[in-house]
Amino acid sequence: DQPGRFVSLTGWEWTAGSLYGHRVILYRGDEGSPLAWTRKESDTIEELYAHVRKDRGIMSPHHTGHATWGRWNPDAHHDEELEPNFEIASWHGRIEFYGNPWEGRRQVPGHQFEDALRRGRHVGVMAGSDTHHLSPGEGGITAVLAERLDRASIFDAISQRRNYATTGAKIVLEFTAAGAPMGSRITHAGPVEMRVRVEGTAVVDRVEIIRDLVDTFALVRTEQNPQGKDGVYVLYEPRDPQGVNLVRSPDTRSVVFTVTDTSPRTDETSYYVRVTQADGQQAWSSPIWVR
């Protein structure tokens, strides 16, 4: 660990089978010891929470939809402070919602990221490889919006859901709603303006804002301008889905736009961003919840 240059986090994986699923545990410092779910004193999620809390750790569910082993138990106790994030992609597949085109290996319904949101949980997104052969980032990688490159800053950012996930490509993704960064829960009166910036590693095919789990709220498609080399964004606004708002850009790998929700719900509205590149690589922001 070399603050400012290279940062490592200590952690381990709790492998509890289909009763509770697997969890990835991370610690703020060097403390923290593994715990075997096969032992009677540590075979429930409540006992795991107590163990992780003792050493100032956090955790996230891992390959949640896998039908054969390790599936997430959505009915188990959930502690939002200790478990602020949810894995959305790994080497095992993409776990955003059941039936997605890249869902991967033997998934079962009801165990995906959107199912956690549907239950009213405030969870951000993470991704990891889990290949078991020393190839970090293969199938999934987590980007963290930290103030500094050190353990405390990175851990604190993850604890606050200031992170986003990709399928391995180092896509840059920024997302704010009413000025608040991804992962926030805010109270805001009136229309909600959202800003999205994407710097892709390939041509960006589409950028979607998913509002309350409905992915037709706002959509941006990038196209090549037939009259020149500049790319063109085609922005479909929710208020005028048949209208076309063209925004020129010199590079279809780079997308910046704003969109406004003029009628958010009065209780709580959730928004998150999904990016899909022409090469199939994806990125997702942690949601922002606006009351």
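Visitor: By class, how many nonpolar, polar and charged residues does the lining of the second largest pocket have?

Guide: Good place to start! Keep in mind that this is a predicted model. To read a pocket, look at which residues line it and sort them by class. Here, the lining of the second largest pocket has three nonpolar, four polar and five charged residues. Among the residues that line it are R118, R121, D212, R265 and E268. The space in the second largest pocket is about 180 Å³.

Visitor: And how much space lies in the largest pocket?

Guide: About 940 Å³. Its lining takes in 33 residues, and V24, L26, A127, G128 and S129 are the ones nearest its centre. Sorted by class, that lining has 17 nonpolar, 12 polar and four charged residues.

Visitor: Which elements each supply at least two residues of that lining?

Guide: They are the strands β1 (11-15), β2 (22-27), β3 (57-62), β6 (124-127) and β7 (141-144), together with the helix α4 (151-159).

Visitor: Let's look at α4, then. Which of its residues are buried?

Guide: R151, S153, I154, F155, A157 and I158 are buried in α4. To read a buried residue, ask what covers it. For α4, the cover includes β2, β3, β4, β6, β7 and β8 (163-166). After the helix comes R161, with a positive phi near 65°.

Visitor: How do I read a helix with buried residues?

Guide: Start with the general idea: an α-helix has 3.6 residues a turn, so residues three or four places apart point the same way. Now try α2 (residues 45-54), where the buried residues are I45, L48, Y49, H51 and V52. Looking down the axis of α2, you find these buried residues within an arc of 165°, so they line one face of the helix. Their cover includes β1, α1 (17-20), β2 and β3. Just after α2, R56 has a positive phi of about 60°.

Visitor: Can we finish with a single residue? Is S90 buried or exposed?

Guide: The number to check is the relative accessible area, and buried means under 20%. S90 has a value of 4%, so S90 is buried. This residue lies in strand β4 (residues 85-90).

Visitor: What does S90 touch, leaving aside residues up to four places away in sequence?

Guide: S90 touches H63, G128, S129, G139 and G140.

Note on methods:
Residues are numbered from 1 along each chain as its sequence is written. This is a predicted model: local features need pLDDT of at least 70, side-chain atom pairs count only at pLDDT 80 or more; totals for chains, interfaces and linings use all residues. Side-chain values use heavy atoms; hydrogens and water are left out. On a 1 Å grid over the protein atoms alone, a cavity is a set of points where a 1.4 Å probe fits but cannot get out, and a pocket is an open set with protein on both sides within 12 Å along at least five of seven lines; lining residues have an atom within 4 Å of a point. Grid points are joined across faces, edges and corners, and a volume is the space filled by probe spheres set on the points. Helices (H or I, at least four residues) and strands (E, at least two) are DSSP runs, numbered from the N terminus. Ala, Val, Leu, Ile, Met, Phe, Trp, Tyr, Cys and Pro count as nonpolar, Asp, Glu, Lys and Arg as charged, and the others, Gly among them, as polar. Buried means under 20% relative accessible area, exposed over 50%, partly exposed in between (1.4 Å probe, protein chains only). Contact means heavy atoms within 4.5 Å. The arc is that of the directions from the helix axis to the C-beta atoms.
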